[in-house]
Number of protein chains: 2
Amino acid sequence: MGQQQQDMAKSAETEDRIARLFADRYGASEPGLPGYSGDVLETILGHRTVRSYLPDAVDEEDISVAIAAAQSAPSSSNLQLWNVVTVADPERISRLAALANNQKHIYAAPLVMVWICDLSRMRKMTEIEGTTADGLDYLELFLTSVVDVSLAAQNACVTLEALGYGTCYIGSMRSNPIELSAELDLPKGSFSVFGMTVGREDPARPASVKPRLPQRTVWHKETYRADTVAEDIAQYNATMRDFQQAQAMPVVDWSLKSAERVATADMLKNRDKLKGFLEERGFSFK
Amino acid sequence: MGQQQQDMAKSAETEDRIARLFADRYGASEPGLPGYSGDVLETILGHRTVRSYLPDAVDEEDISVAIAAAQSAPSSSNLQLWNVVTVADPERISRLAALANNQKHIYAAPLVMVWICDLSRMRKMTEIEGTTADGLDYLELFLTSVVDVSLAAQNACVTLEALGYGTCYIGSMRSNPIELSAELDLPKGSFSVFGMTVGREDPARPASVKPRLPQRTVWHKETYRADTVAEDIAQYNATMRDFQQAQAMPVVDWSLKSAERVATADMLKNRDKLKGFLEERGFSFK
């Protein structure tokens, strides 16, 4: 049996199971969109940040699958404190790009997913049920919604990559949250915690897997140990210099570049004002 | 060719690619641990919260693969603001369980991964490089570390499920962060944002896929629309009642249960004090 036939057999075999999982996730109310999608470990380990896209639109059905994946992520107490706005209109994408520190690759993306921390639906539910809503004013609920939306987005990211797309998270969706909320009609109690550009990678400008810190630096057994951290940072600086050279990038120590990134409030590119923006958007941090 | 032979062919074929990805991720400095691991979409859509475990230990090599997956997640500006502490010592697990609102399934888990938001390594780097570190005092950096660790943990979660384990996120690792930091020797500027229990599912007590809100409730096209939210909540209440009945669980409207969960500060189970705890742990929220 050739590779193509094997893949087809695999596809036929997983198709039914995936369709059933779709039905389970949505209480049988949503259409399924199955097919064999790739190896988990190969997809996850193979992640690369992709900033160069072909102009091809992202399939509506693929977006639906990615959002089903997002909704399949764990959610704290099943509160589901998030939403996503998908933007494919080129003019709106240009306005989002301008609000997100004018990053070039956003202008060129066929799809921007804006991931929303949302306490507004929860507040609506307390109104429907006639309860108080005091818990919503605490840092805890803000944090819960940030974790919820992040787990959801990462499931979407992995799924989109498995479906053959490239992605890039956009933290600068937090740089101008008031204007961005107006652009997307976000209700009070919600905000754009990050964006994600999505598109088919331009094969003329392929991205590479980026090295990370040694595993022992982030993995602590039984208790936290930081005794090798200085040595690990030096080792990783060397690894990154090799990577930068191979990529024809400017060569700079990771630790210096990172330290400069947090040295001053100005380096946060308007995000030093985030707390005030969020308070204006109806969030509290008791 | 039979299914087993097909799987072996698949395994041989992906093995080399996965080994190469490991090498890319760690600058060739870490051992690889390859093998075919399962279909992305089937794994992600098939997520279930597993709280009943067999006593079998979690393979050290599988933990290593899960952490490589975690490190393969996107990281904002590549700052890598997180760590994970893996706890397998049954006595320490019992102490963690006691600190996490005494949840029964934590006592029974063979492994607890405690996911750590960490600005302490970043602060150390500013000391090494002799820069200021003013940016670390802003809500923005706290938020960045929460997103970083969440994306990492979700990659680990998906990978562990692909490797045949069940998992459960533990938000109550935030209920007693001071005592928990002492237990795990966490440095100032770091805290346990959530835990994750891991183990082989007890086949005598299998978990089910939980339904979620209709896709249109969380997916907004071009701009945010909330006009169907009351109707969507009613529909989801009905879906969840069917699910609760099928699972022999107490039947209660999701919207009521959720509203009660945030009605008062007391309902946050000590996490209404989170901000004060974190300030004591060296975090600022400018």
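1. Let's start with a term: contact means heavy atoms within 4.5 Å. With that in hand, look at Leu136(A), which sits in the loop between α6 (120-129) and α7 of chain A. Setting aside residues up to four places away in sequence, Leu136(A) touches Leu119(A), Met122(A), Arg123(A), Leu141(A) and Val262(B). Helices here are DSSP runs of H or I with at least four residues, strands are runs of E with at least two, and both are numbered from the N terminus.

2. Before going on, some housekeeping. This is a predicted model, in which local features need pLDDT of at least 70, side-chain atom pairs count only at pLDDT 80 or more, and totals for chains, interfaces and linings use all residues. Residues are numbered from 1 along each chain as its sequence is written, chains are lettered from A and ligands numbered from 1 in the order in which they are written, and side-chain values use heavy atoms, with hydrogens and water left out.

3. Back to Leu136(A): is it buried or exposed? The cut-offs are under 20% relative accessible area for buried, over 50% for exposed, and partly exposed in between, with a 1.4 Å probe and protein chains only. At 3% relative accessibility, Leu136(A) counts as buried.

4. Now the record. UniProt, in an unreviewed entry, places the feature "domain: Nitroreductase" at residues 44-200 of chain A. Positions from UniProt follow the numbering used here, feature names are shortened, and annotations may be inferred rather than shown by experiment. Over that stretch, residues 44-200, the chain is 44% helix and 18% strand, and the end C-alpha atoms are 17 Å apart.

5. Because 24 of the 24 residues are buried, α7(A) is largely enclosed by the rest of the structure. After the helix comes Gly164(A), with a positive phi near 100 degrees.

6. Next, strand β1 (residues 82-87) of chain A. Six of its six residues are buried, so β1(A) too is largely enclosed by the rest of the structure. In a regular strand, side chains alternate between the two faces of the sheet. Both faces of β1(A) are covered, with Trp82(A), Val84(A) and Thr86(A) buried on one side and Asn83(A), Val85(A) and Val87(A) buried on the other.

7. Which strands pair with β1(A)? Two strands pair if DSSP finds at least two bridges between them. Strand β2 (residues 111-118) of chain A pairs with β1(A) in the antiparallel sense over six bridges; there, Thr86(A) stands opposite Met113(A), and Val87(A) has Val112(A) as its bridge partner. Strand β5 (residues 219-221) of chain B pairs with β1(A) in the parallel sense over three bridges, with Val84(A) opposite Trp219(B).

8. Zoom out and you get an open sheet of five strands in the order β3(A)-β4(A)-β2(A)-β1(A)-β5(B), with mixed pairing. β3 (166-170) of chain A and β5 of chain B stand at the edges, each with a single partner strand, so one side of each is left without a neighbour in the sheet.

9. How do the chains relate? A rotation of 180 degrees with 0.0 Å of shift along its axis superposes chain A on chain B, with an RMSD of 0.0 Å. The two copies are thus related as by a two-fold rotation axis.

10. Helix α6 (residues 120-129) of chain B shows both chains at work: Ser120(B), Arg121(B), Met122(B), Met125(B) and Thr126(B) are buried. Their cover includes α9 (215-218), α10 (229-246) and α11 (254-261) of chain A, together with β1 (82-87) and β2 (111-118) of chain B.

11. Last, a backbone detail. Most residues other than glycine have a negative phi. Glu222(A), not a glycine, has a positive phi of about 70 degrees and lies in the loop between β5 (219-221) and α10 of chain A.

Technical notes:
Copies are superposed by least squares on the C-alpha atoms of residues with pLDDT of at least 70 in both.
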